Amino acid sequence: MEKVRLSGEKATLLITLYAKAQESRMPDSLLQDGYAAAAVARIDYDFAALRMGRDAMIGLSMRAYMLDAWVREFLAAHPSATVLHLGCGLDSRVFRVDPPPSVAWFDVDYPDVIALRRALYPARPGCELIGTTLSELGWLTHIPTDQPTLVVAEGLLLYLREEEVLQLLRVVSTQFPSGEVVFDAYSRLGLALASRNRMFRATGAAMRWSLNHAQDLEAQAPGLLLHTEQGLDDDSWRAQRARFSWLARLGFGLMRRVPLLRRMGRLLRYRY
């Protein structure tokens, strides 16, 4: 068993890991993440204390599933691409997506998180683990720039300061010749509500960055062009919404009708 002592934004990886593991045990699982379930079984941590509800398990897994789909789509178009999985935590995306050997994949997170990842997951050819802080971007100079580059940041940017987010996006969009950036973002209202969630509040993590309008980022990080903006209220999720509680489904209905609510949380895909 691996003893885990994480706090702040690092500890939030346990929430998302547990959600994916539990959703993957459901008979109607969308994510089917056996690696997450195996990792939870090997971690010495009281996950039951999270008191995580079914809606949260499904919602977080749906977020991962859509980002996985965008990664697969990008790799289908660029089979020799570079992938930067930032704030990877204990997410098993590289195993779920299963990229071809021609892809150079980099899982990036804090050094102690990467050490835990090494202990829980097998090494994978073509996937390099980088232990660093995202406030220091020197490691990016060692990433190859000869192929289109996809940057994936799930459950990460909201914990960074605005200047850190913009610096990261500006460096990526200028250092690499072409590619995409995909991540989740929250409006100011969405961030305020998320910061009150008891599970995330218990970690002590500070949520800092919000984005009210996806197009605003195009001006703040020149070179980025919005490609897709999608929320859980999108029609493509119609079948999955039936899995949620009636209260959550009511919320989705309100989101579809009120733009302010619809922007609270969504997935964004930019090209550069």
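How many bridges join S3 to strand S4, and do the two run parallel or antiparallel? I started my notes there. This is a predicted model, so I read everything below as a property of that prediction.

**Entry 1: strand S3 and its neighbours**

I find 5 bridges between S3 and strand S4 (residues 104–109), and the two run parallel. I then looked at strand S6 (residues 149–153): 5 bridges join S6 to S3, again in parallel. In S4 its bridge partner is Asp107, and in S6 His85 stands opposite Val152.

Strand S3 (residues 82–86) has 5 of its 5 residues buried, so the rest of the structure largely encloses it.

**Entry 2: the whole sheet**

I stepped back to the sheet itself. I get an open sheet of 7 strands, ordered S5-S4-S3-S6-S7-S9-S8, with mixed pairing. Its edges are strand S5 (127–131) and strand S8 (225–230), each of which pairs on one side only. From one strand to the next, the twist averages 20°.

For an antiparallel part of the sheet I went to S7 and S9. Strand S7 (residues 179–186) and strand S9 (residues 265–271) pair in the antiparallel sense over 7 bridges. One position I noted there is Glu180, which stands opposite Arg271 in S9.

**Entry 3: Glu180 and Arg271 again**

What else joins this pair? Their side chains meet in a salt bridge, 3.1 Å from N to O. Arg271 lies in S9 and Glu180 in S7, so the contact ties together parts that are 91 residues apart in sequence. Glu180 is buried, with a relative accessible area of 5%, whereas Arg271 counts as partly exposed at 40%.

**Entry 4: other salt bridges**

Side chains of opposite charge can pair when their charged atoms come close. Searching the whole structure, I get 21 salt bridges. I wrote up two besides the one above.

Lys3 forms a salt bridge with Asp44, and the closest N and O atoms are 3.6 Å apart. Lys3 is in strand S1 (residues 2–3) and Asp44 in strand S2 (residues 43–44), so the pair ties together parts 41 residues apart in sequence. Both ends see some solvent probe: Lys3 is partly exposed at 48% relative accessibility, and Asp44 is partly exposed with 36%.

The side chains of Glu154 and Arg93 also meet in a salt bridge, at 2.7 Å from N to O. Glu154 is in the loop between S6 and helix H6 (162–175) and Arg93 is in helix H4 (residues 93–97), so I read this as a link between distant parts of the chain, 61 residues apart. Are these two buried or exposed? Both Glu154 and Arg93 are buried.

I then followed the shared partners. Salt bridges join Lys20, Asp33, Arg63, Asp68, Asp91, Arg93, Arg96, Glu154 and Asp184 into one network.

**Entry 5: cysteines**

How many disulfides does a search of the whole structure find? I get 0. Cys88 is buried, with a relative accessible area of 3%. Cys127 counts as buried at 19%, under the 20% limit for that label.

**Entry 6: a nonpolar patch**

Leu189, Leu193, Val258 and Leu260 make a nonpolar patch of about 300 Å². I followed up on one of its members, Leu189, which lies in helix H7 (residues 188–194). Leu189 counts as partly exposed, at 32% relative accessibility.

Methods
Residues are numbered from 1 along each chain as its sequence is written. This is a predicted model: local features need pLDDT of at least 70, side-chain atom pairs count only at pLDDT 80 or more; totals for chains, interfaces and linings use all residues. Side-chain values use heavy atoms; hydrogens and water are left out. Two strands pair if DSSP finds at least two bridges between them. Helices (H or I, at least four residues) and strands (E, at least two) are DSSP runs, numbered from the N terminus. Axes are lines fitted to C-alpha atoms, for helices over the stretch in contact, and angles run from 0 to 180 degrees between N-to-C directions. Patches are made of residues with over 30% relative accessible area and no salt bridge: like charges are joined within 9 Å, nonpolar side chains (Val, Leu, Ile, Met, Phe, Trp, Tyr) within 5 Å. Accessible areas come from the Shrake-Rupley method with a 1.4 Å probe; for residues, only the protein chains shown count as cover. A salt bridge is a side-chain nitrogen of Lys or Arg within 4 Å of a carboxyl oxygen of Asp or Glu. Buried means under 20% relative accessible area, exposed over 50%, partly exposed in between (1.4 Å probe, protein chains only). A disulfide is a pair of cysteine sulfur atoms within 2.5 Å.
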